[in-house]
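Subject: Structure handover

Hello,

Here is the structure for you to look through. My notes on it follow below.

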Amino acid sequence: PERLARRLERGPAVAEAIEGRGPVALLDIGYLGWRSGVVVVDLGGITDPVIARAPGGHLDKRVPLGHLVAQEPRTILLHSTSRPEVDADGHLSRLAGYPVEQRVAALPWVRAHFRVGAVLEYGPAYWYVRLDRE
């Protein structure tokens, strides 16, 4: 019940933060993908067979860089269990996300082409950071 209440209360704001910004690479594809209507790049591999076959479990995928680049995400949305930190240049400097999210955030390609566009509090110990393509 608490999780559903949080989704109903705060989910629409997170979905609105990615509306019109697709394709969006993210792990939480269900509600956010549906509500925002964006094209989703599924970092966990549930709907993407290339990522599904990549090494690692759902939250620990090793997303093939070439495949990610080929999907041309304009936005990357990552979760964190604490407020993400942003450096003076707009780069993400600290993220307490799942291993797949940490790896994606650390990719040199992501660091070169994306900057933090928004940090959104979703719930206790649950934040989202939106990385926007420059």
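What is the order of the five strands in the open sheet? The order is E2-E1-E3-E7-E6, and the pairing is mixed. Two strands pair if DSSP finds at least two bridges between them.

First, the ground rules. This is a predicted model, in which local features need pLDDT of at least 70 and side-chain atom pairs count only at pLDDT 80 or more, while totals for chains, interfaces and linings use all residues. Residues are numbered from 1 along each chain as its sequence is written, and side-chain values use heavy atoms, with hydrogens and water left out.

Strand E2 (40-42) and E6 are the edge strands; each pairs on one side only. Neighbouring strands are turned by 25 degrees against each other on average, direction ignored. That angle is taken between axes, which are lines fitted to C-alpha atoms (for helices, over the stretch in contact); angles run from 0 to 180 degrees between N-to-C directions.

Strand E1 (residues 24-26) runs parallel to E3, joined by three bridges. In that pair, Leu-26 stands opposite Leu-77. Strand E3 (residues 75-80) runs antiparallel to E7, with six bridges. Strand E6 (residues 114-123) is also antiparallel to E7, over eight bridges.

Look at Leu-131 in E7. Ile-76 stands opposite Leu-131.

Is strand E7 largely enclosed or largely open? Six of the eight residues of E7 (residues 126-133) are buried, so this strand is largely enclosed by the rest of the structure. Buried means under 20% relative accessible area, exposed means over 50%, and partly exposed lies in between (1.4 Å probe, protein chains only).

**The E6-E7 hairpin**

Two residues lie between the strands of this hairpin, and Ala-125 takes a positive phi near 60 degrees. Ala-125 sits in the loop between E6 and E7. Ala-125 is partly exposed, at 47% relative accessibility. Ala-125 touches Ser-80 and Thr-81, leaving aside residues up to four places away in sequence. Contact means heavy atoms within 4.5 Å. Ala-125 and His-79 are 46 residues apart in sequence but 9.8 Å apart in space, C-alpha to C-alpha.

**The cavity**

How many cavities of 30 Å³ or more does the structure hold? One. About 50 Å³ of space lies in the largest cavity. A cavity is a set of points, on a 1 Å grid over the protein atoms alone, where a 1.4 Å probe fits but cannot get out; lining residues have an atom within 4 Å of a point. Points are joined across faces, edges and corners, and the volume is the space filled by probe spheres set on them.

The lining of the largest cavity includes Gly-90, His-91, Phe-114, Val-116 and Leu-131. Helix H6 (108-113) and E6 are the elements that give two or more residues to this lining. E6 gives the most, with three. By class, the lining has six nonpolar, two polar and two charged residues. Nonpolar covers Ala, Val, Leu, Ile, Met, Phe, Trp, Tyr, Cys and Pro; charged covers Asp, Glu, Lys and Arg; the others, Gly among them, are polar.

**One more residue**

Pro-49 is in helix H3 (residues 49-52). Pro-49 is partly exposed, at 45% relative accessible area.

Best wishes

Methods. Helices (H or I, at least four residues) and strands (E, at least two) are DSSP runs, numbered from the N terminus. On a 1 Å grid over the protein atoms alone, a cavity is a set of points where a 1.4 Å probe fits but cannot get out, and a pocket is an open set with protein on both sides within 12 Å along at least five of seven lines; lining residues have an atom within 4 Å of a point.
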